[in-house]
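My notes on what I looked up are below.

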Amino acid sequence: MKSRLKAKVFKPTAFSFPYLAVTLVFVIFPLILVLFYAFRGEDGSFTVDNFALVFTEVENLRQLGATIGIAALSTAICLIIAYPVAYVLASSPFNKMVILSLLFIIPMWINFMLRIFALQSLLSMLGMQKSYEAAVIGMVYDFFPYMLLPIYTVLVNMDKSYVEASRDLGANSVVTFLKVTLPLSVPGVISGISMMFMPIFSSYAITKMMGDANTTVIGAKIANLFENQNYGNYGYGSALSFVLLVIVIVVMLTGNFLSNRTMKAPKGGKVNE
Amino acid sequence: MNDLNRIKPAETAATVNQTAKKSDNIIEVKGITKVFDGVTVLDDLSLGIKRGQFVTLLGPSGCGKTTLLRLIAGFETPTEGEIYIEGVPITSIPPFKRPVNTVFQKYALFPHLNVFKNVAFGLKLKKIPDENSKKGYRKFTKAEIAEKVNKALKLVGLEDYGHRDVNSLSGGQQQRVAIARAIVCEPKVLLLDEPLGALDLKMRKEMQIELKKMHEDLGITFIFVTHDQEEALTMSDMVVVINDGVIQQVARPKKIYDEPSNAFVADFIGESNILSGVMEKDYTINFFGRSLPCVDKGFEKNEKVDIVIRPEDIIICDGAGHGHFDGRVVSTVFKGTYYEMEVLTDEYEFTVQSQKEFSEGAIVSLEILPDSIHIMKKMLTINKYLGKVTGENCVEFAGGEFTVATDGYEAGDEVIVYVPFNAVELTDDEEDGVIGANVTQSLYRGSYYQVQVYTDDDIDFFIDTADEWDMDDRVGINIDGTKVTIERYDPEKEAQGEE
């Protein structure tokens, strides 16, 4: 009886097999392809020329800088707008009004290309042509919920007694915010930043649709390398993609590390010794 | 204090003089009512707390004790009433300007700061009067802060823990940091909100002794909230028993135990046999048909009273006929240092504690000495409601219509309705009663249960019944109209009666 039961029940890890299969086919395999092309010369032999080209072409560095610039600018603007909104939504009179929070999430349910098309026509209706500024507006608009949600989640789950303890110890509202609420919400801010900065860093759709010729991002160049068959250079494009991927991973790991250092969740009465 | 005085100078000065004459109370709570979303948590509560005392607010969960503490700390604003600290009204003063500090239930240590920085948090913000400075105040220097923090950490026995991460500490250590963080600010009153609740039993006993010692060393007033009656009796100079937002008794621990002021306190503090009796005359009480000598006087002749007899005060001995009651032991449980036995007599099941064991089924006699019988006034002897005559033999009150003789009254007359406890009948099914209600309390009174229920309109009913009803049970209420009396309602007479 016992053994028959055992034979039927498979391990819980088995539930992850479908996902593993999808990952293998659509993530791992393409990555291997990217690596394959990156190290493959035009004649099909092994080469590191593609990587040499990535690091020697000055244009690449310039575009990389511009990409970081536009990603940082959009992220900063988004953070400045999202934090106060999250703070208000998480504070007591509003935090029970789910509808308010929903209002900020609903845009996420609409396909982002549609949103960009809508924003594009809205901006041109207002007389704003394709430009650097328009691209930044597009990014802020598009990624706002991704910045808002993590900050909101941290703030709404924060134990109210920290704020009370601070006020009890002589801090007024401003000092309490700066010394307690803000430091404790850093993990939310970091995850908001990484959820926005990373995708923008490698995106090109928004800049392509909203920006002008001056709005260059590295993603656009990679797309060009693959799309343009005459100019087309799979090897060079793959090498550039791979370098971009490594940069993103390094930045994300750093972010996680910083977040973990501040995130050590307090647990009252927990014995750790 | 400068801050406090600046806010309402005129009023403050007047009150200081007043209270200085009246008492040496550091905190004066006057007529505080607190309503949350339509629910009255504290009801017109007044309380004076003497300087330097260890005062415990004791009561079951939801009784309003924590709310009272939070009102003093400043995290809540009272719906009505005023709180004075050293004669200064403080309800309009924000918490960060009040001369009190709080030790929170779950410590609320700042997780992003280490032990030292947690304790130093309040000191860094503190402004100390300084005549040499242009602003009139200065901040503590780094050296001063370090000295004070280390002194506070030493006091709680965590001298070398300054650099430690608060999350790496055990529950007891976190507790100590929380206490150090509060006392380092040198508050006039230290508020402690169930601070030992999260600790295990052994740790809790240790902290009780340490807190008591700290109180003696510091000499400031402690206000301690707990639902643990043993903790309250062990630690306090004064115990304030609260139930349903109303103070039941304020007294020293010994007195609370020996002379509970009503059946609730007797039931809440320790084990007790609570009976109903009649005071025949001074020094003579009658219960279960026996007249026994007692030490109480000053009651009206034949006044109905509640009687408390502590289980350890009953003398139990072998065989029948040696005491006031004969009975049979129905259960015996060893409790470490004594045996607790249930003894069934013809009238009542007494709880008795004794060093000596009597086995189940043994025939015993129980003797009750005069000074073991504690007599309390009955809280209420009759239910009283304001009602209206709606027709012949029909009176509406407490949200329902009942059949009551209405000779001499006309429809529309306002009347006071007196409903004896035994005129009310509870039904299992809400539909079977005229009005629905919830059971809030069920106390065994010897030969019957006294049950308290409240209707959906928040009207209380006391009922004497043979059956036990469970807390929070939904019941229906029927009333035996023949036992109900009515009286013409006269607002002026009523107002006088209240005074």
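**Entry: what I am looking at.** I am working from a predicted model, so I keep that in mind throughout.

**Entry: chain A overall.** I looked up the secondary structure of chain A and got 13 helices and zero strands. I then checked burial: of the 273 residues in chain A, 27% are buried. I also asked how far apart in sequence the contacting residues are. Taking contacts in chain A between residues at least 6 apart, I found that 75% join residues at least 24 apart.

**Entry: one helix pair.** I picked α4 (residues 58–90) and α7 (residues 132–157) of chain A, whose axes are 7 Å apart. How do they lie to each other, parallel or oblique? Their packing angle is about 40 degrees, and angles under 35 degrees would count as roughly parallel, so α4(A) and α7(A) are oblique to each other. I noted the crossing of the two as right-handed. By class, I get 24 nonpolar residues in the contact of α4(A) with α7(A), plus one polar and no charged.

**Entry: where chain B meets chain A.** I find 27 residues of chain B in contact with 25 residues of chain A. On the chain B side, the elements giving two or more residues are β6 (100–103), α4 (115–125) and α6 (171–183). Of these, α4(B) provides the largest share, three residues. I sorted this side of chain B by class too: 16 nonpolar, nine polar and two charged.

Methods
Residues numbered from 1 in each chain as written. Chains lettered and ligands numbered in written order. Predicted model: local features only at pLDDT ≥ 70, side-chain atom pairs only at ≥ 80, totals over all residues. Helix = DSSP H or I, 4+ residues; strand = E, 2+ residues; numbered from the N terminus. Buried ≥ 20, exposed ≤ 12 C-beta atoms within 10 Å, placed from the backbone. Contact = placed C-beta atoms within 7 Å. Nonpolar A, V, L, I, M, F, W, Y, C, P; charged D, E, K, R; others polar. Axes fitted to C-alpha atoms, helices over the stretch in contact; angles between N-to-C directions. Parallel < 35°, antiparallel > 145°, perpendicular 65-115°, else oblique. Left-handed = near helix turned anticlockwise from the far one by under 90°.
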